[in-house]
Amino acid sequence: MKSFFLFTFSTFLLSAFEQAAASAHYDKILTHSRIRARDQGPNVCALQQVMGTKKKYFSTCRNWYQGAICGKKATVLYECCPGYMKMDGMRGCPAVAPIDHVYGTLGIVGATSTQHYSDISKLREEIEGRGSFTFFAPSNEAWEQLNSEIHRNLIDNVNIELYNALHHHMVNKRMLTKDLKNGMTLVSMYNDQKLLINHYPNGVVTVNCARVIHGNQIATNGVVHVIDRVLTAVGNTIQDFIEVEDDLSSLRAAAITSDVLDILGRPGHYTLFAPTNEAFERLPRGILERIMGDKVASEALVKFHILNTLQCSEAITGGAVYETLEGNTVEVGCDGESLTVNGVKMVKRKDIVTSNGVIHLIDKVLIPDSAKQVIELGGDQQTTFTDLVAQLGLASSLRPEGQYTLLAPLNGAFSDDTLRMDQRLLKKILQNHIIKVKVGLNELYNGQELETIGGKLLRVFVYRTAVCIENSCMVRGSKEGRNGFIHIFRQIINPAEKTLHEMLRNDKRFSVFLSLVKAADLDDVLSRPGQWTLFVPTNDAFKGLTDDDKDILIRDKNALRNILLYHLTQGVFIASGFEPGVTNILKTIQGGKLYLKTVNDTLVVNELKSRESDLMATNGVIHVIDKLLYPADLPVGNDQLLTILKKLIKYIQIKFVRDSTFKEIPLTFYKINIIESNVQPIIRKEEPIIKTYTKIIDGRPVEVTEKKVTEERIIQGPEIKYTRITAGGSDNEEKLKKLLEEEVTKVTKFIEGDGHLLEDEEIKRLLQGAGTEYTKVTKVIEGEPQIIEREIKKVHLEEAPVRKVQPTKRTQGGTARRRTRLAYS
């Protein structure tokens, strides 16, 4: 009857445990182990054992499918799940393990050394009696691995030292694994010493960094958890340990200098990767002195070694990323028995447990990006750039107190020809990769201009999935250092030097296209400031085009403009800025659409491969193609034009609708800036001319004296009020008319190159409706014009006629005059 009662009671406890434990990591992993072993029979669990060791784990899915733990191959074992046992002749583990008091349970779980020490230390009577205990029982292997001196001292004084040591492994209440919460602190039965509990997502449970290897063995008066090491007393904080450890004097000095040491004396759950003195000695002296002399950098360095979570070595069964107090992350992993940091074996001693965390001693100093100079941020893929910056003397110009941004191309961007260049030219190229200010990735925006230390302005282009500067786009890997950022680029950055028109004019491959551009009066568009993407067919695209064909095209200027402007779209679109694998749609100035995508790093437009892309101009970018583009949905209504286009375009079927015409495309599609300003006139006065001569009046000679004065008033400025009409269409023409009606009242100037405006009668009327008070002048203005209007005032002081004289002297004076200027951008 007694046996039946014990069996029923233990079954009830196990059932209650399994239901309550559903949310604990340890128990979830155990459930997975049951599922993996279900083919082996009831209540069997699958474990992984690291080859060459006795270490066994209930594994995560990741470790299970990798077939490895800490990078070492693991074999699969099948054992009875905790609380169950085998029966002769039966499959699996169908029997519930017998239940006994804590002392007897130590034998059931195989912790016979702990059972023996409990016996000889007089603890047996206590753990066989009344109460509710949790016993974290060291395994037999754990006692064997204990420091021999400590082990001998315990055995030599079993009634006090050993007894106290065993009490340190006990808690005066039952705590199942589901009750062992991550970060909790338990009070042991020896001198109220602390036991630090951690319960990790991978199912590992630790007590003072000792791993529970067999948990939840129910006893009549408590529960037994078998652990993999003997616990030692914990009393000091991390700060206390650093202050007394001779091998950490360099770390101690850095922590004091940076005011971080006090943090490690506060309550918490920290992990400190503590560099030894030898690790500090390995640092280049200049780097160490610079960091130690900079409080911000030294604080970043020390905090980079501290995690705000407690990571015991036994809980690390694979690589994981953790955030440091400095703000950046480190990857902590393992390689067999060794811990790794950022993939490098560097841990000399692990699991020094303190009251507020754990310390791992390492033989290498971890330097965070935030403590590095910007030139030190370059990785293995940017060594060519950083080496050249140093060799050409540019590194010395990056002052520690300055602020810079490095645009570092990948090593593969530097061809042999580039590296063989004259060093003066190469230095100029590198100067164009160093920005004068510190600019992070999240501070870049489309249209931004960044000045290099070489004096060049680089344009920023932001796309949906890419950020580009001039012709080159970024790759992942931006870093922030003490005095700047480094951004990684696919290619060497080539700042634009010429306009689109100049590039076409200087390249013989585009002579036919350029001649058609000129005939369509579009060369001015490609010369002015702007943001354009131009798809330029080479001369090969016009093979078979006769002079007569060309004349026919030129005579129909409207058709020619439609064809050419289908090659032009507003905005600068870099080939590598397009999202790969998808079709990108651009609307052209002609109104049709271009369909672009990148295939194997090659730009494809309307299914035609670009022969060369990303030729940067000051007002846009050129992509070279070898076929003429034409909108597939645009019909042709002229037989001659259809014949010509069929000669040139064979990759699509051109529609023919007799007598259909091309729409007119006014040249107002590019930007017109209307700038208003109040300006002060400059008065130029000529010295009076006094002239005496003899005049015959009524048949008699009479001496006449005549005085003449000439005055010119020149309007210049500006004091700026700025209005911009963005590109194209009737809306902009209406806006222009409205502004002219409001502001153009007396100015009747006309600037060469604005002739297309007079095609609109309303604008022409407004421009010419100012009367005759001012003299009209024609002047070509480049950049910011200084003189846009001239008024000649003639003062007749004597009877004689007045004639204009060229000015010889300038003086300031006159009243302010308001003017409105039309300019293009």
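The model is predicted, so local features need pLDDT of at least 70 and side-chain atom pairs count only at pLDDT 80 or more, while totals for chains, interfaces and linings use all residues. Residues are numbered from 1 along each chain as its sequence is written, and side-chain values use heavy atoms, with hydrogens and water left out.

**First stop: the helix pair**

Select residues 148-156 for H8 and residues 158-167 for H9; the two pack at about 120°, with axes 6 Å apart. Helices (H or I, at least four residues) and strands (E, at least two) are DSSP runs numbered from the N terminus. Axes are lines fitted to C-alpha atoms, for helices over the stretch in contact, and angles run from 0 to 180 degrees between N-to-C directions.

Next, display the side chains of Asn153, Leu154, Ile155 and Asp156 in H8, which meet Val158, Glu161, Leu162 and Ala165 in H9. Contact here means heavy atoms within 4.5 Å. The residues of this contact comprise 5 nonpolar, 1 polar and 2 charged. In this count, Ala, Val, Leu, Ile, Met, Phe, Trp, Tyr, Cys and Pro are nonpolar, Asp, Glu, Lys and Arg are charged, and the others, Gly among them, are polar.

**Second stop: the disulfides**

Now select the cysteines. The structure holds 5 disulfides, each a pair of cysteine sulfur atoms within 2.5 Å. With the bonded cysteines numbered in sequence order, the pairing reads 1-4, 2-8, 3-5, 6-7, 9-10.

Go to Cys70 and Cys334, joined with an S to S distance of 1.9 Å. This link is left-handed, with -95° about the S-S bond. Cys70 lies in the loop between strands S3 (68-69) and S4 (72-80), and Cys334 lies in strand S17 (residues 329-335), 264 residues apart. Both Cys70 and Cys334 are buried, that is, under 20% relative accessible area, where exposed means over 50% and partly exposed in between (1.4 Å probe, protein chains only).

Move on to Cys209 and Cys312, whose sulfur atoms are 2.1 Å apart. Their link is left-handed, at -70° about the S-S bond. The pair links distant parts of the chain, 103 residues apart. Cys209 and Cys312 are buried.

Finish at Cys468 and Cys473, a disulfide with sulfur atoms 1.9 Å apart. Here the link is right-handed, with 85° about the S-S bond, and both cysteines are buried.
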